[in-house]
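Colleague: I have a model open and would like to learn how to read it. Could we go through it feature by feature?

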Amino acid sequence: MKVLIVSPEVAPYVKTGGLADVSGTLVNALRRTGTEASVILPLYGEIRKRVKDWGITPVSGEISVPLGNDIETGRLWKAKTPAGADAFFIQNDRFFDRDHLYGTPEGDFSDNASRFIFFSRGVIESLKVLGLRVDIIHCNDWQTGLVPVYIKTLYRDEFPDTATLLTIHNLGYQGIFWHLDMPLTGLGWEMFTMSALEFHGKINLLKGGLLFADTIMTVSRTYAREIQTPEHGFGLEDVLKERSSDLHGIMNGIDYREWSPWRDRLIPSRYNRKNVSGKGICKKFLQRECNLEEDDSPVIGMVARLSSQKGIDLVADSIDDIIQSGSQMVILGSGEKNYHDILLNLHAHYRGRLSVTIGYDNAFAHRIYAGSDIFLMPSRYEPCGLGQIIALRYGTIPVGRRTGGFADSVTEYDTSSGSGTGFLFQEYSPKALKNTVQKATRLYRSRDIWRTIMRNAMSQESSWRQPAKEYLALYKKTLNVKNRQKK
Ligand code: ADP
């Protein structure tokens, strides 16, 4: 089976969130099962600067993509991933040679419709230029939503056998643009209807993908159920309900090569489940590096995009109580400017007890996962969440809301049986967050109990082995759906 993964971000080349980890690791995990998998993404400025480091070289040939009345061209580049899969890159400097991927902290780029319509159509044109025939195109998020639409409309005759799967990594982002961008798609106005791209008078690229892909999926079972409800459906719940028989949930894994405390070169001391003494060294290092008092207070870490989805407002409203009850906090993140300001103000107020770093820093993220005792993730909703899965592996106990993938990967610690890996709360309120953090920090002081929770957490399996099997099964199903339609 030949699979092309289409994604707006792929680790290690470029990453703003979990989507990059998933696309980057999945292609390698599939490759290791013997599947002919490859991946394609835009050649952003950030990647362009490092083509030599990544071994990315130009491919001969050029793509031409109609975009409204214009023709946009793109060059193709190629590299090998660690498992030997092909990674393709579409270069168009006007669209992608910028400092950010989708926008600045002040807001989205105004030409995102053009950029990702170009990318989606460019992917199909690239297949032609590369002479690549694939069985499945696996699309990810709104930036790729038009690919399934094109395969079933404009490119139907050229790709009659190609099946498409669309993964929703976050339904909160749908690629909604004003109706006058419709001509950019090259699709006729007959596609601007409720049963295609139209959404409350605008164009919705994700909706197009959800309706036209042969199968759809999201990144945890609970989130697959939640998005069919008005609370989590962001207006697309009816579309998702309509497609519920083709909607699947596959939990993400993490890349053990990158995330394993016993071989992590980015942390000051390595440790494992049997000997966690190195974690104490990581904690001291983190306290020193963050200018925190070097005492035995529980250190609560957070690594997240600073967006309302991640419950930053709850954190901001709870910090006073958390710090005053004797904990320290280390926060690393970037995102919306208002959250930057709120957190930096709190940082100035609680020097020695709270550290806030605005920015994206992978090495520092590793040190936070290793050096913290507790990992906080009070998300409003959480499709999968990698943060808590990484934290578990580092023996850093997750505290968060019982929603989506967080609920599927963390189980409440039960004092009587000694089972469980973390602490969960339901109500989206500062009070519920504070109470749950307090419960965790109380148990942190009981050394034996805490050691048990750490051991439970570090024993949890979260590699890509199981998800890769589930993806392969879903690809087969996707091909069956396609074949049934052809009959
Ligand atoms: P999402 O994809 O919604 O942003 P996830 O928890 O699924 O959230 O994945 C986030 C990934 O990005 C994790 O690997 C996390 O460690 C990483 N990450 C998020 N923010 C930062 C940051 N500021 N610096 C370094 N890594 C970050």
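**The ligand and its surroundings**

Modeller: Start with the ligand: 21 residues surround it, and the closest are Gly18, Arg305, Lys310, Gly359 and Tyr369. Keep in mind that this is a predicted model.

Colleague: How many residues of each class does the shell around the ligand have?

Modeller: Nine of the shell residues are nonpolar, seven are polar and five are charged.

Colleague: How much of the ligand does the protein bury?

Modeller: Taken alone, the ligand exposes 570 Å², and 93% of that is buried by the protein.

**The chain as a whole**

Colleague: What does the radius of gyration say about the chain?

Modeller: Compare the value with the one for a compact globule. For 487 residues such a globule would have a radius of gyration near 23 Å, and the chain, at 23 Å, agrees with that. Along the principal axes, its C-alpha atoms fill a box of roughly 65 × 45 × 40 Å.

Colleague: How many helices and strands does the chain have?

Modeller: There are 19 helices and 20 strands.

Colleague: And how do I read burial and contacts over the chain?

Modeller: Burial is given as a share of residues: 60% of the 487 count as buried. The accessible surface of the chain is about 19500 Å², with 48% of it belonging to carbon and sulfur atoms. For contacts, consider separation in sequence. Among those between residues at least 6 apart, 71% join residues at least 24 apart.

**One residue in detail**

Colleague: Is Ser318 buried or exposed?

Modeller: The cut-off for buried is under 20% relative accessible area. Ser318 has 0% relative accessibility, so Ser318 counts as buried. Ser318 belongs to helix H12 (residues 312-324).

Colleague: Which residues is Ser318 in contact with, leaving aside its neighbours within four places in sequence?

Modeller: Those contacts are with Pro430, Leu433 and Lys434.

Note on methods: Residues numbered from 1 in each chain as written. Predicted model: local features only at pLDDT ≥ 70, side-chain atom pairs only at ≥ 80, totals over all residues. Heavy atoms only, no water. Near = heavy atom within 4 Å. Areas by Shrake-Rupley, 256 points an atom, 1.4 Å probe, with all protein chains shown as cover. Nonpolar A, V, L, I, M, F, W, Y, C, P; charged D, E, K, R; others polar. Helix = DSSP H or I, 4+ residues; strand = E, 2+ residues; numbered from the N terminus. Rg over C-alpha atoms; globule rule 2.2 N^0.38 Å. Buried < 20%, exposed > 50% of the residue type's maximum accessible area, 1.4 Å probe, protein only. Contact = heavy atoms within 4.5 Å.
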